[in-house]
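These are my notebook entries on one structure, written in the order in which I looked things up. The structure itself comes before the entries.

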2 protein chains.
Amino acid sequence: MREVFQSELAEVQSRLVEISRLVAISIDKATRSFNESDVGLAEEAITEDEKIDELTVELDELAITILARQQPVARDLRIVVSALRISASLERMGDLSTHIAQLARYRFPDKAIPKGLRSTFAEMGALDVVIAKMLTELLTSEDMKLAEIIRNEDDKVDALHLSVFEAVLGESWKGLAADTVDATLASRYHERFADHAVSIAKKVQYLGTGAWHQDINA
Amino acid sequence: MREVFQSELAEVQSRLVEISRLVAISIDKATRSFNESDVGLAEEAITEDEKIDELTVELDELAITILARQQPVARDLRIVVSALRISASLERMGDLSTHIAQLARYRFPDKAIPKGLRSTFAEMGALDVVIAKMLTELLTSEDMKLAEIIRNEDDKVDALHLSVFEAVLGESWKGLAADTVDATLASRYHERFADHAVSIAKKVQYLGTGAWHQDINA
């Protein structure tokens, strides 16, 4: 029974890794579509998100089946419950990718990204992509150093998020209301995306250094 | 054992109702603070949210304890898992109340709410409060008619959300960039708040008309 449980947990882990990988692809396409005003990439980001939605529903069903069949307790139970929560955050990260891609689509053929903020958003987008890739790596290897790095990268995203507001509210801002709306929403989406990654990293850390790893691969 | 489980489920339900009640108080204070530029009310909304955060952590611990001790299966298991998800949505609704209250606080003594949009935000705020109260009622009585009403009220919030963008992007908009930012963020927060209520209502409905009711009170 214990062996079955371990192999089911390994299955949960590998599905989380797979979903996280799709989230990284989705945010990469979404931020590129936003920065380059590429509608084709925007569509692809949205298609990735549809896959993410399907896979998270399937993962949740698997987790519930494991709870019912294996009746885990203590740390084992917390791992399965954490998997459900990580899945919810990944699903939300996919939604935020879609929101960013939709901004690109709404404004096409204009650029959604306001002048004067292009380098800021290029940097925020690149950070979100790095964060998503690190997250995939963290879920794969449970190397806790990655959780720290994700937190540091999120601090950079937060600083850029503030700088967007400073720019938009500054005296030299010449953007139209549409630019202000796009910058506000896009900045919020980028920031929330990174927040969810930190929240997932904390859950992996909470399960204890190496603990999830031991439980899954012991 | 079955009786213990039923009484524990009843405890989960009554805690969800209590948290939902605090969410309704919090959004009421937050939207009033935003509409009336009342910093005292903003502080109160934020304090309510701190209570909500504490209570959701406690509820999650209780749900996990129930999973460990009672090892529920089938519908019973789904009820406990749904309670965890409802708790996460309520926690998020409290966060959104805090975000709205913070907008009021940042701009004080100015009004955060842009001229020309006051009646729109008064309406959105009132709808969010009604939705939160209906949600508390739905979690208490499991009267599925309330789930329908929540969905209809959410449609109204979505329409107002769109109308905010139409106003801000229209030719007659004379707001400063700060007004545009505030309107964009506030509208988004109001809209997300209602979305979470719909998501909770769907979970209650998914548990089946009267099913959760029977399980808890049989």
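I began with a definition: I count a salt bridge where a side-chain nitrogen of Lys or Arg is within 4 Å of a carboxyl oxygen of Asp or Glu. I worked on a predicted model, in which local features need pLDDT of at least 70 and side-chain atom pairs count only at pLDDT 80 or more, while totals for chains, interfaces and linings use all residues. Residues are numbered from 1 along each chain as its sequence is written, chains are lettered from A and ligands numbered from 1 in the order in which they are written, and side-chain values use heavy atoms, with hydrogens and water left out.

Entry on salt bridges.
I looked up A:Asp182 and found that it forms a salt bridge with A:Arg107, with 2.6 Å between the closest N and O atoms. A:Asp182 lies in helix α6 of chain A and A:Arg107 in helix α3 of chain A, so this pair ties together parts that are 75 residues apart in sequence; helices here are DSSP runs (H or I, at least four residues), numbered from the N terminus. A:Asp182 is buried at 1% relative accessibility, whereas A:Arg107 is partly exposed at 23%, where buried means under 20% relative accessible area, exposed over 50%, and partly exposed in between (1.4 Å probe, protein chains only). I also noted that A:Lys29, A:Glu44, A:Glu48 and A:Lys51 are joined into one network by salt bridges that share partners. Over all chains, the search of the whole structure gave 34 salt bridges.

Entry on the interface.
How many salt bridges does the rule find across the interface of chain B and chain A? It finds four. In one of them B:Arg78 pairs with A:Glu61, the closest N and O atoms being 2.9 Å apart, and this pair runs from helix α3 of chain B to helix α2 (residues 39-70) of chain A. B:Arg78 is partly exposed at 25% relative accessible area, and A:Glu61 is partly exposed at 34%. A salt bridge with a closest N to O distance of 2.9 Å also joins A:Arg78 and B:Glu61.

I then turned to the extent of the contact (heavy atoms within 4.5 Å), which takes 29 residues from chain B and 29 residues from chain A. The two chains bury about 2,500 Å² between them, 64% of it on carbon and sulfur atoms; buried area is the accessible area (1.4 Å probe) that two parts lose on being put together, summed over both. In chain B, B:Ile64, B:Gln71 and B:Arg188 lose the most area to chain A, together 20% of what that side buries.

Entry on symmetry.
I superposed the copies by least squares on the C-alpha atoms of residues with pLDDT of at least 70 in both. A rotation of 180° with 0.0 Å of shift along its axis places chain B on chain A (RMSD 0.0 Å), and that is the relation of a two-fold axis. In chain B, the C-alpha nearest the axis belongs to B:Gln71, 2.8 Å from it. I noted too that 100% of the interface residues of chain B are also interface residues in chain A, so the copies meet through the same surface.

Technical notes:
Helix = DSSP H or I, 4+ residues; strand = E, 2+ residues; numbered from the N terminus.
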